[in-house]
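Here is a short tour of one protein model, written with your viewer in mind. Have a look at the structure first, and then we can go through some of its residues together.

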Amino acid sequence: MNGGVDYLLTEEEINLTRGPSGLGFNIVGGTDQQYVSNDSGIFVSSIKENGAAALDGRLQEGDKILSVNGQDLKNLLHQDAVDLFRNAGYAVSLRVQHRLQVQNGPIGHHGEGEPSGIPITVVVVPVFALIMVAAWAFMRYRQRL
């Protein structure tokens, strides 16, 4: 591996129903306390066991929350974001950005036990066809002798 790391960003709409312990997650970030360098967004810092978010299973630590009930979370102070979540009501719709890590390695190199990425049939079928053609040609050639 060359150590390069890329990220695949995906967005998802997650609807949660507030439970006895709220929505079941904590947040960090905001314009006054950036959690990610050069990004003042609001991020999930932890998921509470058996809370609404944990029971749903889609929200993950590190996810960026883009909006709550359609209200954009850009350029908010941390406390303003907290207040928005607290006043969001019983049924809460979250627009979330997941950041999935994708590791890249040098082209053509694969470690032990790693698949080459080429299906075996792509290699075996043409080789088998060549063998069959060669066998047919050999048999025809022998008949003429």
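## A buried histidine

His98 is buried, with a relative accessible area of 9%. Please keep in mind that this is a predicted model, so every value here is computed from it. His98 sits in strand S6, which covers residues 91-103.

What does the side chain of His98 make a polar contact with? The partner is the side chain of Glu12, at 2.6 Å. Once neighbours within four places in sequence are set aside, His98 is in contact with Leu8, Leu9, Thr10, Glu12, Ile14, Arg58 and Asp63.

## Two aromatic pairs

A pair of aromatic rings is described by the distance of the centres and the angle of the planes. The count for this model is two aromatic pairs. In one of them, the ring centres of Phe25 and Phe85 are 5.6 Å apart and the planes stand at 90°, which makes the pair edge-to-face because angles over 60 degrees fall in that class. Phe25 belongs to strand S2 (residues 25-29) and Phe85 to helix H2 (residues 78-86), so this pair ties together parts that are 60 residues apart in sequence. Both partners are buried: Phe25 has a relative accessible area of 10%, and Phe85 has 7%.

The rings of Tyr35 and Phe43 have centres 5.7 Å apart and planes at 45°, so this pair is tilted. Are its members buried or exposed? Tyr35 counts as partly exposed at 49% relative accessibility, because the exposed class begins over 50%. Phe43, on the other hand, is buried, with a relative accessible area of 6%.

In soluble globular proteins, nonpolar side chains tend to be buried together. The largest nonpolar core of this model has 21 residues, and those that touch the most other members are Phe25, Ile65, Val68, Phe85 and Leu94. At least two residues of this core come from each of strand S1 (5-17), S2, strand S3 (42-47), strand S4 (64-68), H2 and S6. H2 gives the most, with four residues.

Leaving out residues up to four places away in sequence, Phe25 touches Leu16, Val44, Ser46, Ile47, Lys48, Ala53, Leu59, Ile65, Phe85 and Leu94. Among these, Ile65, Phe85 and Leu94 are also listed with Phe25 as core residues that touch the most other members.

## Strand pairing

S2 and S3 run antiparallel and are joined by five bridges. Asn26 stands opposite Ser46 in S3, and Ser46 is also one of the residues that Phe25 touches.

S3 also pairs with S4: these strands run antiparallel, with two bridges between them. Here Ile42 has Ile65 in S4 as its bridge partner.

Most residues other than glycine have a negative phi, and most peptide bonds are trans. Asn38 lies in the loop between S2 and S3 and is exposed, with a relative accessible area of 74%.

Asn50 has a positive phi too, of about 65°, and is likewise not a glycine. The place of Asn50 is the loop between S3 and helix H1 (52-56), and at 60% relative accessibility Asn50 counts as exposed.

Definitions and conventions: Residues numbered from 1 in each chain as written. Predicted model: local features only at pLDDT ≥ 70, side-chain atom pairs only at ≥ 80, totals over all residues. Heavy atoms only, no water. Buried < 20%, exposed > 50% of the residue type's maximum accessible area, 1.4 Å probe, protein only. Polar contact = N/O pair within 3.5 Å; in protein donor to acceptor, adjacent residues only side chain to side chain. Contact = heavy atoms within 4.5 Å. Phe/Tyr/Trp six-rings, centres within 6.5 Å; stacked < 30°, edge-to-face > 60°. Core = buried A, V, L, I, M, F, W, Y, C linked by side-chain atoms within 4.5 Å. Pairing = 2+ DSSP bridges.
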